[in-house]
Protein chains: 2
Amino acid sequence: MHDDEQRKRIVIVGGGFAGLAAAKEFRRSSEVEITLIDRRNHHLFQPLLYQVAMAGLSPAEIVEPIRGILSRQKNARVLQGEVRGVDFDSNRVIADFGEVPYDYLIMACGAKHSYFGKPEWEQFAPGLKTLEQATEIRRRVLTAFENAERETDPENQKRLLTFVVVGGGPTGVELAGAIGEMSRYTLAKDFRANDASLARVILIEAGPRILPMFSPELATRAVRDLEHLGVQVWTSSMVSNINADGIAISSEKIQSATILWAAGVEASSLGRKLKLDIDRAGRVMVEADLSLKQHPQLFVLGDQAHVVQNDRPLPGIAPVAMQQGRFAAQNILGELAGKPRLEFKYVDKGQMATIGRSRAITEFGGWKFAGFFAWMAWLIVHIYYLTGFRNRFFVVMSWAWSYLTYRRGARLIVEKEWRFELPTVINSSQSADNSQ
Amino acid sequence: MHDDEQRKRIVIVGGGFAGLAAAKEFRRSSEVEITLIDRRNHHLFQPLLYQVAMAGLSPAEIVEPIRGILSRQKNARVLQGEVRGVDFDSNRVIADFGEVPYDYLIMACGAKHSYFGKPEWEQFAPGLKTLEQATEIRRRVLTAFENAERETDPENQKRLLTFVVVGGGPTGVELAGAIGEMSRYTLAKDFRANDASLARVILIEAGPRILPMFSPELATRAVRDLEHLGVQVWTSSMVSNINADGIAISSEKIQSATILWAAGVEASSLGRKLKLDIDRAGRVMVEADLSLKQHPQLFVLGDQAHVVQNDRPLPGIAPVAMQQGRFAAQNILGELAGKPRLEFKYVDKGQMATIGRSRAITEFGGWKFAGFFAWMAWLIVHIYYLTGFRNRFFVVMSWAWSYLTYRRGARLIVEKEWRFELPTVINSSQSADNSQ
C-alpha cells in the first residue's frame, strides 16, 4: 500500500465512453487516485439516444449513474460539476465548485451539434446529443401528430405531418426510419381525423449519397429500406434556411412543423477556451500518444480529439473513444512504471446502422450484411455494450414488446417547463417586450 | 346504427381516473360520440408518482397515451388541448384550439397543490402532482447528495443532507420513507466524502398524528416503520415559513436544502373561472347525481368535485374518481333510455400506504394489516389497477430488481432547461433587468 502522498492524482473530465474506459482501466492500480468530474450524474449510452427521441425507450434505460458504475472501485471518486478551465502552471482543474489538483489530466468532454455558423437554426431544428434534447424531439414529433388531429385547414395539416431530418449519417438515417415506422405502424390506428400513416418523412443530405462511411451497396440498400418505410431520401441537397414555417433547400421550400438536425458536430468548447491547438470543428490536435506537445501530462480523448490515422481523422464513435480511454490509462500506468509512451492505433471493429423495424446494415472487415441478420447483429452488439445489467434486461424487454405489438413504450410528451417556474419567465420576457 | 345527427355529443374534460372511467363506460353505446380533451397526451397513474420522484420508476412506466387506451373504442376521439372555459348558453367547450359543442359535459380536471395562501413557498418546496414535478423532486433530492459530496463546510453539508417532507398523509409518508430507504441502502456505498446513510429525513405534520384517515394503531405502526428508516416524525408542527435556507416551524428553524410539499390540495381553477358554486379548496359543489343544479347537463367528478357522504366530503383518491366516472356515464346512458337519474354512493374499498421497502399498512372494512403482507397487498392492488400490460410488466420487473439489489432503476438527474432555449430566456430577463 502506498502513502496518500505518493499516489499520483489523475483527474478525468467527462464520464462518456472515453472517460469511463480510462477510469476503469486504473481499477487495479494502488499508485493512483482518480477523480472523475462530469456535469451530469450519469453516463449516457449515446448510440441508443435516438430511441429515446422516438419514444421507444425511456431515458433511464440508457443511462447509469457514474457513481454507481465506479462504486466498487475504491481508488476512484466522482464529483458532479462543471469544469470552467485549467491552470496549467499550478496543474489545477478549475470547476464551478472549486479547484482540483492533478498530476495527469484526461479530458474527454465530447461534442455538441454545429449549425455551420447558423446558431439561430437550432430552435427550429434541435440536434440529438443529450437526454433533454431527446425528450424535446419526442415532444415535438408526438405533438405534431396531436396538433394535426385538431387541425381543420388541410395545408396546415400537411405541414404538421411533414417531418424533415437533416443529415444522412447513421443518426439521421435512424431518426428518419423510426419516424417512418412510427407513423405507419404505431400511430396509424390511434387517430380519427387524419391518417398518420400518410405522414411525409424527408431525409436531407448535402453529399451525393447517405451513409458515406459505408460501402455504396449497403448505402443503396439503406435507401431502399428507408423508402419502404415511406422516407424520401434527398441527396445533394444543401440547406439554405430553416425557420418556423419549414426548410429551404437552395431554391426549393418544404413546409414542415418538425425539423431535426443530425448534420454537423463540433467538439466541446473547452479546447478553444484553453487556447489549445484545435481544428475547424473545435477538436484538439493531439500527438500520437494522445497527449499534447506543450502539456505532456494532458491527454485529450474521444469526440474532443483530432487524431489522424491512415490520413483521415478518426470518426466520433464509441469504439474509438473506448479504445482511446483504455490506451491513455495504460500509457500513464506504463510511464509510472518507467516505460516509454506508446502510440495509439485504432482497431476498426466495423460499423452498423439500423433502419426502422428489423432492418439494418453492418460492415466489418470485408464483410457486409443487410436485412434481418444485420439487425440481429445490431441488437446483440448494442445490448452487449450497454452499461448495467438492469438496462440490458429492460431494453431487451422493451424491444421484444415493441417488436411483437408494433407499439412504443414511451409515448410520453413531457412539458418543457415546471408550472412554478413559468410565471417568472413570462413576466421577464413581457417586461422585456414592453421596454422596446 | 344511428345517424350522426342523432348521436348525443359527450365531451369529457380530463383524462385522469374519473374522465377515463367515464369514457370507457360508454364503449358499447352507439347513441353517443365521445370527445375526451386533455392538456396531456397521457393518462398518469398518480398513486405511483412518488416512485418516479424517488428514482424507483421511470415516467413512461406509469403513464399510457390516452389515445392508445381509447384506440379501439370507435365512438371516442381524443384531442390534446387546454380548456379555457365553457359557454353554457350555446353548450360549447372553449379550448385553445377552438370550440367543441356538447349535449353532456363531464368535467374531471383534478387538483393541484395549495400553499395556504403562500404561493412563494412553491419554488422552495415543490409538490407532487405532475411528472415534471416528480422529475424536479428527483433532481433536487439526488443533486443534494451530489453537492454534499463536493462540500467541505460541515454546516453546509448538514444542510444539504437534511430532507424535510411537509404533510403526513399517504404521499408525505411514502416520500419520507423512500428518501430514508434510499439514503440508507441505495446510496450508502456510492459516496466517498460523506456518509449518505446519515442523511436526516424529517416528516412534518400540522395535526396531532400522521395518516389521520387510518386507525390510530396503524398510524402508530407507520411511525415506527418510518423511524426504522431514520425518518423523524414531527406532529403538531405548523409550518410558518419556507425559504432557500430551510423551513421554520413556529419558533424553530431547520436548515434544509430540500423541502418537499405534500400538504394542501386545491381543485383545478376551472370551477372558479366558470363562477360555479365552490368550496374553500375550489371544489365544485355537486348534486347527489354529480351534476349541477343550474346546469343539469354538466357533471363534475373526482378531485374537482365536492361530494358529501356520511357528513364528510369524499377524499381525493383514485377509487372515488373511478366509481364517479362510471356512475356519471351510467346516469347519462340511463337518461337517454328514458330512466330517472340515480344518486351516487361511494363503496369504500379501504386504503393503504407503503413505507419504504417491504412495509405498508392496509385497512379495509374492519380488517387491518401491517408489515410484509400489507406490502404484498399494496403491490398487487397497484399492479392490478395500473394501466397497460407493458407498464405492469415493467413495474413488476423494476420492483423485483430493486428489491433484490437494493438499487434504484432511475437514478437520473435531468436538467431543467434545454441548451438551445437558454439564451432567449437569459436575454429577455437581462433586458428586463436593464430596463428597470
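**Close-up 1. Arg72(A) sits in a loop of chain A, between helix H3 (66–69) and strand S5 (76–80).** This is a predicted model: local features need pLDDT of at least 70, side-chain atom pairs count only at pLDDT 80 or more, and totals for chains, interfaces and linings use all residues. Residues are numbered from 1 along each chain as its sequence is written, chains are lettered from A and ligands numbered from 1 in the order in which they are written, and side-chain values use heavy atoms, with hydrogens and water left out. Helices (H or I, at least four residues) and strands (E, at least two) are DSSP runs, numbered from the N terminus. With a relative accessible area of 76%, Arg72(A) is exposed (exposed is over 50%, buried under 20%, partly exposed in between, with a 1.4 Å probe and protein chains only). Arg72(A) teams up with Lys74(A), Lys189(B) and Arg407(B) in a positive surface patch. Patch residues have over 30% relative accessible area and no salt bridge, with like charges joined within 9 Å and nonpolar side chains (Val, Leu, Ile, Met, Phe, Trp, Tyr) within 5 Å. Lys and Arg count as positive, Asp and Glu as negative, and His and the chain ends are left out; a charge is placed at NZ of Lys, CZ of Arg, CG of Asp or CD of Glu.

**Close-up 2. A nonpolar patch on the surface of chain A is made by Phe372(A), Phe373(A), Met376(A), Ile380(A), Tyr403(A) and Leu404(A).** Taken together, these residues have about 650 Å² of accessible area (Shrake-Rupley method, 1.4 Å probe; for residues, only the protein chains shown count as cover). Look for Phe373(A) in helix H10 of chain A; at a relative accessible area of 65%, Phe373(A) is exposed.

**Close-up 3. Asn391(A), in helix H11 of chain A, is tucked away from the surface: it is buried, at 2% relative accessible area.** Which residues does Asn391(A) contact, leaving aside its neighbours within four places in sequence? They are Ala60(A), Glu61(A), Ile62(A), Val63(A), Glu64(A) and Leu386(A) (contact means heavy atoms within 4.5 Å).

**Close-up 4. Gln297(A) is found in the loop between strand S19 (284–285) and strand S20 (298–300) of chain A.** Its relative accessibility is 27%, so Gln297(A) counts as partly exposed. Gln297(A) and Tyr104(A) are 193 residues apart along the chain, yet their C-alpha atoms are separated by 4.9 Å. Beyond the neighbours within four places in sequence, the contacts of Gln297(A) are Asp103(A), Tyr104(A), Leu105(A), Glu335(A) and Arg341(A).

**Close-up 5. Glu136(A) and Arg139(A) join their side chains in a salt bridge, 3.1 Å from N to O.** Side chains of opposite charge can pair when their charged atoms come close. To count as a salt bridge here, a side-chain nitrogen of Lys or Arg must lie within 4 Å of a carboxyl oxygen of Asp or Glu; there are 30 of them over all chains. Both partners sit in helix H4 (residues 131–150) of chain A, and because they are three residues apart, about one helical turn separates them. Glu136(A) and Arg139(A) are both buried.

**Close-up 6. Another salt bridge links the side chains of Asp190(A) and Arg411(A), at 2.9 Å from N to O.** Asp190(A) is in the loop between helix H6 (170–186) and strand S12 (200–204) of chain A, and Arg411(A) in the loop between helix H11 (389–405) and helix H12 (422–434) of chain A, so this pair ties together parts that are 221 residues apart in sequence. Asp190(A) and Arg411(A) are each buried.

**Close-up 7. Over in chain B, Asp103(B) and Arg9(B) form a salt bridge, their closest N and O atoms 3.2 Å apart.** Asp103(B) lies in the loop between strand S8 (98–101) and strand S9 (104–107) of chain B and Arg9(B) in strand S1 (residues 8–13) of chain B, so the pair ties together parts 94 residues apart in sequence. Arg9(B) is partly exposed, at 31% relative accessibility. Back in chain A, salt bridges with shared partners join Glu136(A), Arg139(A) and Arg140(A) into one network.

**Close-up 8. Ala55(B) has a positive phi, near 65°, though it is a residue other than glycine.** Find Ala55(B) in the loop between helix H2 (49–53) and strand S4 (63–65) of chain B. Is Ala55(B) buried or exposed? Ala55(B) is buried, at 0% relative accessibility.

**Close-up 9. Leu211(B), another residue other than glycine, has a positive phi near 50°.** Its loop runs between strand S12 (200–204) and helix H7 (216–228) of chain B. Leu211(B) counts as buried, with 0% relative accessibility.
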